[in-house]
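User: Could you take a close look at the aromatic rings here, and at the charges that sit over them? I'd enjoy one connected walk through that part.

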Amino acid sequence: MTVVAKSSLIGKRIPKMDAPEKAAGKTRYVQDINLPGQLIGKILRTDRVHARIVSIDTAAAKALPGVYAVLTAADIPKRGLGVNKDNPPLKGDKVRTIRDEIAAVAAETEEIALEALKLIKVVYEDLPILADPRQSTQPGAPVIQDAKPDNIAMTFDYAHGDVAQGEKESDVVVESEFYLHYVTHCCMGVSGIIADFEPTSGNLTLYSNTQVPFLHKREFSEVLGMDPGRIRIIQPPIGGGFGSKLDIYPFEPIAVYLAKAARRPVKLVFTREEEFLASPTRQPALCRLRSGAKKDGTLTFRAVDILLDNGGYTSWGATIPFVMMQTFSSLYRVPHCLFHTKAVYSNNPYAGSFRGYGNLQATFTVEQHMDMLAEKLGLDPLAIRMKNAQESGEVTGQGMVFTSCGFKECLTTAASRSDFARKFTDYAQQQSKPGNKKRGIGLAAMIHVGGGAKIYPSDGCGTILKMDDFGHVTIMTGASEIGQGSETVLAQLVCEELGLPLDAVSVVNNDTEVTPWDVGVHASRTTFIAGNSAIGAARKAKDKILNAAAKVTNMTADQLEMRGGFVVRAADGEMVMPLPKLLRSLHFSDKAELVMTTHYYEPSSVHQDKKFMGNVSATYAWAAQICEIEVDTDTGIVTLEKVTAAHDVGRVLNRMGLEGQIEGGIVMGQGYALTEDLMVRQGKVLNPGFRDYKLVTAPEIPEMDISFIESMDGEGPQGAKGVGEAPAICMAAAIANAIHNATGVRLTRLPFSPENVYRALVTAKGGVVE
Amino acid sequence: MVERYLAPTTLDEALKALAAGDATIVAGGTDVMPQSQAGRFKLGRTLVNIRRVAGLQGGAKEGDEIRLGALTTISQLREDAFIAKTLPVLAEAADHFASVQIRNMGTLGGNIGNASPAGDTLVPLLVLDAVVELRSAKGMRRLRLDEFFTGPGKTKRTPDELITNIFVPAPKPGFVARFAKFGTRPALDISAVSVGIAGIVKDGKISNVRVAYGAVAPTPVRGRAAEAALEGKTLDAATLAAAAKAAQGEVKPISDRRATAWYRREMIHNLVKKVLADVAHG
Ligand SMILES: Cc1cc2nc3c(=O)[nH]c(=O)nc-3n(C[C@H](O)[C@H](O)[C@H](O)COP(=O)(O)OP(=O)(O)OC[C@H]3O[C@@H](n4cnc5c(N)ncnc54)[C@H](O)[C@@H]3O)c2cc1C
């Protein structure tokens with residue numbers, strides 16, 4: 001008897017499938033791809049913040065040898081990009097932000113293209129600058145977009161209960177204004193695209209960094225006025241997305257128009273400076289929050305008023321209230337909630353989507369208010385959260401349904417592992433002691449969608465699975481790999497169903513001609529949605545295989561199983577036949593059949609109604625993070641010493657991948673809180689480079705203690721939830737609470753750069769600052 | 001436009017190349033390359049890579065002076081046993097300087113030649129009373145470092161001159177020198193301000209005091225008022241406070257993206273106090 005042992009890859013530490021190539025520096029990014037006959041595209045960007053374009057003279061540029069195309073707004077259709085369709089790829093009438101695209105060149109070499117840009121003469125008439133979003137709706141403010149004379153790009157309103165009633169029921173009320181600044185994604189790989197028209201058919205192939213290929217196809221077809229069926233998007237490996245590649249941006253259609261005009265493939269890749277200036281930012285926000293609670297800590301209400309600086313054009317940044325409101329309405333049980341946001345135009349850079357999608361901003365305010373309420377009530381930060389924390393079975397005011405919910409376990413796990421209660425008391429007592437080094441500990445918690453987010457009518461993903469004659473599986477999935485490790489997780493999930501080793505699987509996920517539809521990489525949805533889709537396809541394949549095996553044995557399909565590349569007897573693992581043999585017998589027979597299956601998974605969530613009511617995600621991720629810091633009161637430097645994190649991940653699928661996501665997210669959140677600051681002054685970006693835009697570097701990365709709470713979600717693939725965004729969300733709030741614990745000073749404006757912290761400390765002591 | 005690239009191996013060849021005119025000296029290239037790429041630095045017709053010129057590396061005692069070769073790398077300042085023992089303040093500066101890769105390439109001569117007000121070896125060299133040795137095909141001269149800088153990126157060096165060595169007096173008994181840099185990151189950060197203090201400490205009193213500041217003026221500067229507040233004094237709380245106040249009062253920094261002028265003055269005050277407290281407590 002030959003018994004094949006059962007084995008599972010779930011929960012193991014598995015290096016990402018693409019890691020060896022990346023570690024060896026051999027991955028071929030869009031930068032590395034060169035097509036025969038390819039030209040280099042470059043964009044002329046304005047150096048004005050707000051100005052009317054009087055004239056653009058391209059004659060000298062066009063005459064330069066080696067130049068194949070020079071385009072201005074006059075040469076292309078007048079169609080806008082983005083959420084409000086207010087962003088024409090090339091600006092013709094006026095420029096509204098410092099990075100505005102006004103002309104583009106395709107030339108034989110980069111040098112020639114740059115030379116040509118210098119030869120373009122633009123005459124402007126400067127317009128008054130609108131740099132402060134608080135001024136945008138004041139009478140007499142300059143109008144940024146003619147179609148929106150009130151300068152309001154978008155508003156969101158949400159309510160449940162009656163906040164006036166909540167206020168009446170409150171024993172304590174706190175109110176604060178919070179400011180959240182500009183930061184940007186800092187992908188290691190800068191933005192880039194290659195546009196290639198097939199000369200005779202006119203079919204268009206794009207080599208693109210997008211994270212949403214299928215939505216992108218549609219966007220391109222609209223802006224180009226082209227049949228989407230003739231647009232193919234190939235996604236080479238990308239050097240980071242983090243949400244930055246969720247929208248279509250001017251450089252992409254510009255490359256296409258250049259390719260069309262020049263009749264040659266055009267490659268357009270940003271410089272690092274361009275990446276800072278012309279890729280989207282995280283949405284800055286000015287947030288006024290009023291919260292109340294009863295004596296025992298029970299929350300009574302929350303009233304939120306948020307002003308978003310929309311910049312000159314509307315990308316996804318304007319829509320972050322959609323996610324923000326979930327934290328205000330549903331992180332804790334809040335009987336009354338009123339939420340209003342307004343995104344207003346200005347002459348500043350515009351924001352896109354960015355890992356966390358507004359939740360870093362919302363959590364920053366809510367989680368500081370939890371501490372402020374606790375302080376007023378004489379409760380400790382953990383107690384007030386435990387009192388109001390959501391549990392399984394809850395349906396929130398917004399209609400979110402919590403099936404699996406490890407929130408309380410996250411809170412207690414992080415608190416006990418960090419010795420939170422003792423340290424919180426100790427550090428608070430040491431505030432007034434002499435010495436310039438103050439220690440503090442702070443807690444923050446979060447909720448985020450963990451089972452997709454149905455922001456479009458569909459939140460689905462398709463999979464095609466094929467097996468070859470040798471027992472090898474190819475998964476063709478709509479879900480893009482953007483470094484998050486989705487390939488590996490999908491392969492693991494399929495291996496689990498088909499009893500195969502990881503090296504029997506390859507994943508194809510980068511060609512819209514081949515892969516089935518998916519809504520895109522966002523909302524931490526890929527493991528959950530694409531995972532369930534892949535499992536569905538694998539189960540269909542397994543059914544087919546076991547049914548075929550049943551016919552050639554004297555067993556029924558449910559008496560059989562797949563293990564280690566064999567069909568085995570389910571009861572005892574006795575080998576029945578090698579899988580390749582079965583596959584070949586199916587293929588090379590009278591009935592001649594291949595094992596190929598498809599599956600489309602659509603989660604059970606709902607598309608919310610106009611009032612934003614409804615269960616937007618199939619499940620939710622929870623986390624608590626505790627930061628321990630030291631503040632140097634002589635300099636304002638805040639050193640992050642340790643982060644204790646507890647995450648409800650549903651179930652651990654790839655432990656190594658999961659740790660990577662959490663650690664990376666923590667560091668991203670740390671940068672948001674402490675060091676990163678895209679300095680925008682009067683519409684100008686002062687620090688478009690890594691010298692003065694400060695990312696966290698290796699020596700500043702704190703000690704981390706990460707726990708996974710396995711709540712085994714009923715709908716999740718093998719019980720898992722999505723967690724891609726979760727780890728960055730709590731950090732700024734937890735650090736703010738820790739600074740308060742260390743110094744007694746409450747900081748409500750990001751970033752906590754040394755100077756900002758120092759100023760706040762001096763001011764709090766009654767000192768004078770200039 | 002660069003037309004010629006030379007990599008001389010002897011000092012004479014290097015000086016000849018410079019004498020021919022319109023030449024740019026490249027040592028580690030960690031300033032030249034990024035600055036010229038960004039269009040902030042115009043390269044001459046000839047690039048002279050001096051990295052292979054013999055005899056300009058490392059440190060040695062010569063008479064009652066210490067000689068430091070212009071090609072000594074920032075990493076060497078940190079790791080060289082002789083330098084670490086004789087002039088630990090340079091190791092202290094090197095320890096917060098850029099990243100390991102930049103330290104391996106960047107040189108002491110380049111840091112001086114670049115003449116940034118935030119150059120991290122310049123403040124320690126000022127408090128060490130450093131003298132710069134310049135050589136050209138025509139001869140040799142020595143200039144005091146505190147008279148060498150004329151503005152951001154500007155020095156008294158003429159285009160045909162090469163910085164060959166830096167000389168500092170050999171430390172006397174009781175000599176202490178300290179450097180403190182303030183940036184927002186522990187490494188890989190340009191100083192928002194920096195402070196150097198040196199002197200001879202005997203029986204709790206400090207004399208021969210040198211104070212210098214980085215990033216508070218167009219060049220690294222000596223802190224004469226703070227020096228006066230300290231000279232001959234016992235390093236007690238009152239002296240520390242007076243010196244810190246004097247320092248804060250004498251610097252005239254600007255506001256830029258790295259810090260406001262007010263904050264820079266505050267940091268000068270606090271850093272001077274901190275460094276002096278360290279010195280006082282040995
Ligand atoms: C990422 C990064 C981080 C940095 N961090 C810091 C930091 O923390 N602190 C700091 O002080 N600096 C920093 N720098 C700046 C730079 O590394 C230093 O100034 C370094 O010491 C320059 O040395 P180099 O040999 O590379 O100079 P080069 O770039 O070769 O030359 C610099 C200038 O000096 C001239 N020159 C060089 N050698 C001589 C010579 N022997 N005689 C005459 N002229 C000469 C050159 O012509 C040029 O004008 C940083 C640079 C980078 C890119």
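**Aromatic rings and their neighbours**

In chain B, B:Arg142 places its charged end over the ring of B:Phe167, 4.0 Å from the ring centre. Such a charge counts when NZ of Lys or CZ of Arg is within 6 Å of the ring centre and within 35 degrees of the ring normal. Likewise, A:Arg282 lies over the face of A:Phe354, 3.9 Å from the ring centre.

A word on the basis: this is a predicted model, where local features need pLDDT of at least 70 and side-chain atom pairs count only at pLDDT 80 or more, while totals for chains, interfaces and linings use all residues. Side-chain values use heavy atoms, without hydrogens and water.

Now to the ring pairs: over all chains, the whole structure holds 19 aromatic pairs. Rings of Phe, Tyr and Trp (its six-membered ring) pair if their centres lie within 6.5 Å; planes under 30 degrees apart are stacked, over 60 edge-to-face, and the rest tilted. A:Tyr332 and A:Phe407 are tilted because their planes meet at 45°, with centres 5.7 Å apart. This pair links distant parts of the chain, 75 residues apart: A:Tyr332 is in the loop between α8 (321-330) and β15 (336-345), and A:Phe407 in helix α11 (residues 407-418). Helices (H or I, at least four residues) and strands (E, at least two) are DSSP runs, numbered from the N terminus. A:Tyr332 is buried, at 0% relative accessible area, and A:Phe407 is buried at 0% too. Here buried means under 20%, exposed over 50% and partly exposed in between (1.4 Å probe, protein chains only).

Note on methods
Residues numbered from 1 in each chain as written. Chains lettered and ligands numbered in written order.
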